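Keep the coordinates open in your viewer and follow along.

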Amino acid sequence: MTLITAQDIIETGRQASLTHSVLVEWAEKGTPKQREYLHGVLLAEHESRQASRRQRLLTAARLP
C-alpha cells in the first residue's frame, strides 16, 4: 500500500479545479485511509472530466 501524502492530494485536486485552501484542509485532517480514498476520488473525477472534454471536442470537430 502506498502512503498518500497531503501533497499528492493537493496536486490531484488541482487537476479537478478545486481551490488550494480546501485541498490543504482536507489533506491535513484526514487519516491515511481517508487520504487514500480522497486521492482515488479526485483521480476518478479528473479522468471523468478529461474523457468528457475529449468527447465534447470530438463532437464539436464534426469529423466524418
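Contact here means heavy atoms within 4.5 Å. By that criterion, and leaving aside its neighbours within four places in sequence, Leu-23 is in contact with Ile-9, Ile-10, Gly-13, Arg-14, Leu-18 and Leu-42.

A word on the ground rules before going further. The model is predicted, with local features needing pLDDT of at least 70 and side-chain atom pairs counting only at pLDDT 80 or more, while totals for chains, interfaces and linings use all residues. Residues are numbered from 1 along each chain as its sequence is written, and side-chain values use heavy atoms, with hydrogens and water left out.

**Helix pairs**

Helices (H or I, at least four residues) are DSSP runs numbered from the N terminus. Two packed helices are described by the angle between their axes and the distance between the axes. The axes are lines fitted to C-alpha atoms, for helices over the stretch in contact, and the angles run from 0 to 180 degrees between N-to-C directions.

| Helix pair | Axis distance | Angle |
|---|---|---|
| H1 and H3 | within 9 Å | roughly 20 degrees |
| H1 and H2 | within 9 Å | roughly 145 degrees |
| H2 and H3 | 8 Å | about 145 degrees |

Take H1 (residues 6–15) and H3 (residues 32–61) to begin with. Angles under 35 degrees count as roughly parallel, and H1 and H3 are therefore roughly parallel to each other. H1 passes H3 in a left-handed crossing, a term for a near helix turned anticlockwise from the far one by less than a right angle; clockwise makes it right-handed. On the H1 side, the contact is made by Ala-6, Asp-8, Ile-9, Thr-12, Gly-13 and Gln-15, and on the H3 side by Arg-35, Leu-38, His-39, Leu-42, Leu-43 and His-46. These residues divide into five nonpolar, five polar and two charged. In this count Ala, Val, Leu, Ile, Met, Phe, Trp, Tyr, Cys and Pro are nonpolar, Asp, Glu, Lys and Arg are charged, and the others, Gly among them, are polar.

Now turn to H1 and H2, where the crossing is right-handed. Ala-6, Ile-9, Ile-10, Gly-13 and Arg-14 of H1 make this contact with His-20, Leu-23, Val-24 and Ala-27 of H2.

For H2 and H3, Leu-23, Trp-26, Ala-27, Glu-28 and Lys-29 in H2 meet Gln-34, Arg-35, Leu-38 and Leu-42 in H3. Here the residues divide into five nonpolar, one polar and three charged.

**The core**

Which residues make up the largest nonpolar core? Its eight residues are Ile-4, Ile-9, Ile-10, Leu-23, Val-24, Ala-27, Leu-38 and Leu-42. Such a core is a set of buried Ala, Val, Leu, Ile, Met, Phe, Trp, Tyr and Cys residues joined through side-chain atoms within 4.5 Å. Buried means under 20% relative accessible area, exposed over 50%, and partly exposed in between (1.4 Å probe, protein chains only). H1, H2 (20–29) and H3 each give two or more residues to this core, and the largest share, three residues, comes from H2. In soluble globular proteins, nonpolar side chains tend to be buried together.

**Around H1**

The buried residues of H1 are Ile-9, Ile-10, Thr-12 and Gly-13, and they pack against H2 and H3. Thr-12 is buried, with a relative accessible area of 6%. Not counting residues up to four places away in sequence, Thr-12 touches His-39, Leu-42 and Leu-43. Thr-12 and Ala-44 are 32 residues apart in sequence and 9.9 Å apart in space, C-alpha to C-alpha.

Glu-11 also has its place in H1, but at 46% relative accessibility Glu-11 counts as partly exposed. The C-alpha atoms of Glu-11 and Gln-55, 44 residues apart along the chain, are separated by 24 Å.

**Loops and backbone**

Gly-30 lies in the loop between H2 and H3 and is buried, with a relative accessible area of 17%. Its C-alpha atom is separated by 20 Å from that of His-46, 16 residues apart along the chain.

Most residues other than glycine have a negative phi. Just after H1, however, Ser-17 takes a positive phi of about 65 degrees. Arg-62 has a positive phi of about 50 degrees although it is not a glycine. Arg-62 sits in the segment after H3 and, at 73% relative accessibility, counts as exposed.

Definitions and conventions
Parallel < 35°, antiparallel > 145°, perpendicular 65-115°, else oblique.
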